[in-house]
Amino acid sequence: MTGLGGKVVVVTGGARGQGAAEVEALARAGATVVATDVLDGDGSALAARLEGESLDVRYAHLDVTSPDDWAALAADLRERHGRVDALVNNAGIAARERLPHVTLEAWHLAFEVNVTGPMLGIQALAPLMPAGSSIVNICSVAAMAGHAAAAYTASKWALRGLTRSASLELGLRGIRVNAVMPGLVDTPLMASASPAFTEAALTEIPLGRVGLPADIAPTIVFLVSDDSAYYNGAEIVIDGGLSAHVSHKRIADATRPPEEDRP
């Protein structure tokens with residue numbers, strides 16, 4: 001694979017979990033990586049560890065829902081580097097409430113982080129991107145079918161749509177926009193799922209295991225690299241085969257609240 005030497009890459013939600021694995025993989029491929037998050041302690045520790053290995057990584061605080069934070073990051077990148085070669089919209093939150101009990105607050109928050117955040121990032125950083133740049137939206141296998149977590153699923157379908165629209169609009173400038181659809185990945189986000197969900201989902205994965213952050217990161221490196229120069233509007237599923245067959249009704253039934261808790 002072509003290396004990433006000379007490329008400046010921004011990763012949101014890069015302090016831990018899948019984002020941290022992406023930051024490390026991109027840096028080891030030669031990129032200058034700006035890891036952003038709201039988890040300042042974890043993010044600073046990651047950057048310090050990787051800098052200690054002579055990798056070009058720094059940490060910057062960024063709330064993806066804040067236009068002011070994005071504007072400040074864009075100004076800093078313009079001053080330091082004059083450009084951005086890739087944006088990995090990795091930041092996201094789980095929203096596990098089921099209909100009809102989804103609160104408006106939870107619905108709005110899921111969309112603000114999972115959809116509005118990537119949109120703001122594209123708006124802020126695309127002006128700094130030369131032709132050949134890459135945007136990678138970390139979507140979800142939940143955007144491939146109907147899942148029981150209504151706000152999360154709807155937000156990831158919306159991110160899928162944003163990816164397609166952006167690939168059309170920005171492709172004219174030579175900027176590629178692609179989506180990656182991970183399945184169950186062993187991260188802090190998955191740790192908040194119920195044991196019943198994890199057990200039911202695991203039985204539906206043909207490979208028989210959950211994914212690891214290291215299973216996802218190489219694809220991100222590829223999509224940032226020049227080797228993916230003709231990938232635009234693509235949706236790459238990495239789920240161990242979960243979405244290759246009809247599965248989620250069994251998972252939803254296994255995790256459905258008891259009858260007395262239903263409306």
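**Close-up 1. An aromatic pair, F222 with Y231.** The structure holds 2 aromatic pairs, where rings of Phe, Tyr and Trp (its six-membered ring) pair if their centres lie within 6.5 Å. One of them is F222 with Y231, an edge-to-face pair at 5.0 Å centre to centre, with 85° between the planes. Planes under 30 degrees apart count as stacked, over 60 as edge-to-face and the rest as tilted. Y231 is partly exposed, because its relative accessible area is 35% (buried means under 20%, exposed over 50%, partly exposed in between, using a 1.4 Å probe and protein chains only). A quick note for every view: this is a predicted model, so local features need pLDDT of at least 70 and side-chain atom pairs count only at pLDDT 80 or more, while totals for chains, interfaces and linings use all residues. Residues are numbered from 1 along each chain as its sequence is written, and side-chain values use heavy atoms, with hydrogens and water left out.

**Close-up 2. Helix α1 beside helix α2.** Here you see α1 (residues 17-28) and α2 (residues 40-51), whose axes come within 11 Å and cross at roughly 25°. That angle makes α1 roughly parallel to α2 (under 35 degrees is roughly parallel, over 145 roughly antiparallel, 65 to 115 roughly perpendicular and the rest oblique). Helices (H or I, at least four residues) and strands (E, at least two) are DSSP runs, numbered from the N terminus. Axes are lines fitted to C-alpha atoms, for helices over the stretch in contact, and angles run from 0 to 180 degrees between N-to-C directions. On the α1 side, look for A20, V23, E24 and R28, which meet L46, R49 and L50 in α2; contact means heavy atoms within 4.5 Å. Sorted by class, the residues of this contact are 4 nonpolar, no polar and 3 charged. Ala, Val, Leu, Ile, Met, Phe, Trp, Tyr, Cys and Pro count as nonpolar, Asp, Glu, Lys and Arg as charged, and the others, Gly among them, as polar.

**Close-up 3. Helix α1 again, now with helix α8.** The axes of α1 and α8 (residues 213-224) come within 8 Å and cross at roughly 50°, so these helices are oblique to each other. From α1, the contact uses G17, Q18, A21, E22, A25 and L26, and from α8 it uses P213, I216, A217, I220, V221 and V224. The class count is 9 nonpolar, 2 polar and 1 charged.

**Close-up 4. Helix α3 packed on helix α4.** Helices α3 (residues 67-80) and α4 (residues 104-125) pack at about 35°, with their axes 9 Å apart. P67, W70, A74 and L77 of α3 touch G117, L120, G121, A124 and L125 of α4. In this contact, 7 residues are nonpolar, 2 are polar and none is charged.

Close-up 5. A86 sits in strand β4 (residues 86-89) and counts as buried, because its relative accessibility is 0%. Not counting residues up to four places away in sequence, A86 touches V8, V9, V10, M129, S134 and V224. T36 belongs to strand β2 (residues 32-37) and is buried at 0% relative accessibility. Beyond its neighbours within four places in sequence, T36 has contacts including V10, V11, Y59 and L73.

**Close-up 6. R164 on helix α5.** R164 is part of α5 (residues 150-171) and is partly exposed, at 47% relative accessibility. Its C-alpha atom is 29 Å from that of P206, a residue 42 places apart from R164 along the chain.
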